[in-house]
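Here is a short report for a reader new to this structure. Please look over the sequence and the model before reading on.

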Amino acid sequence: MSSSVSSPNPESSGPPLRALAMVFISLAILFAAIGALSLTGSDGDEAAAPAATTEASQAPAASAAPTTTAAPTTSVDPADVELQVLNNSDVSGLAAETAATLTAEGWTVTDTGNYAETQVPATTVYYGTASGAQAAAQQIAQQLGATTAARPAALSTFGDGVIVMVTQ
């Protein structure tokens, strides 16, 4: 009785199953690494923020006194101010949300966008050299609960009006 022996598990099914398992394991490791990097990436931004904020923190200190004295006495027509809102955070749509708030309060927002060149520690309203820009910045800062500062040279490409740099 010579019969051929048949195997219940053919040999060809072994390696593809192992290969599929290796692919799944590799994907799990990849996703775990991406998750770990995204968590550590936010800490890296905070660690880098003190070095980048020295320029921004010097400007608000110089304008702290005018902010409190000029805001109540000077009123600016929102239509006379070039106003831009820039998102300086990881929160998607924050500039558009802030622009909608300012528009509802009577301001005309000419542009929104993102700004990732440097990190600003807190929402700041920067004013340029345009007429009424400083008074407008003070009014906007009061409405948003933000600080004001003279525009640093790094923002000179954004015109000479008011820039609201939102951080969260």
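## Confidence

This is a predicted model. The protein has an average pLDDT of 75. A score of at least 70 is reached by 70% of the residues.

One stretch needs care. Across residues 42–73, pLDDT stays under 50. The model still has 26 contacts beyond four places in sequence for this stretch. Where pLDDT is low, the predicted coordinates should not be read in detail.

## Fold

The protein has four helices and five strands. Starting at the N terminus, the order of the elements is α-α-β-α-β-β-α-β-β.

Contacts reach across the sequence. Of those with a separation of 6 or more, 76% join residues 24 or more positions apart.

## Burial and surface

The protein contains 168 residues, and 31% of them are buried. Its accessible surface is about 10200 Å². Carbon and sulfur atoms contribute 60% of that surface.

## A closer look at Val 23

Where is Val 23 found? Val 23 sits in helix α1, which spans residues 14–62.

How does Val 23 count in terms of accessibility? Val 23 counts as partly exposed, because its relative accessibility is 43%.

Technical notes:
Residues are numbered from 1 along each chain as its sequence is written. This is a predicted model: local features need pLDDT of at least 70, side-chain atom pairs count only at pLDDT 80 or more; totals for chains, interfaces and linings use all residues. Side-chain values use heavy atoms; hydrogens and water are left out. pLDDT is the predictor's confidence in each residue, from 0 to 100. Contact means heavy atoms within 4.5 Å. Helices (H or I, at least four residues) and strands (E, at least two) are DSSP runs, numbered from the N terminus. Buried means under 20% relative accessible area, exposed over 50%, partly exposed in between (1.4 Å probe, protein chains only). Accessible areas come from the Shrake-Rupley method with a 1.4 Å probe; for residues, only the protein chains shown count as cover.
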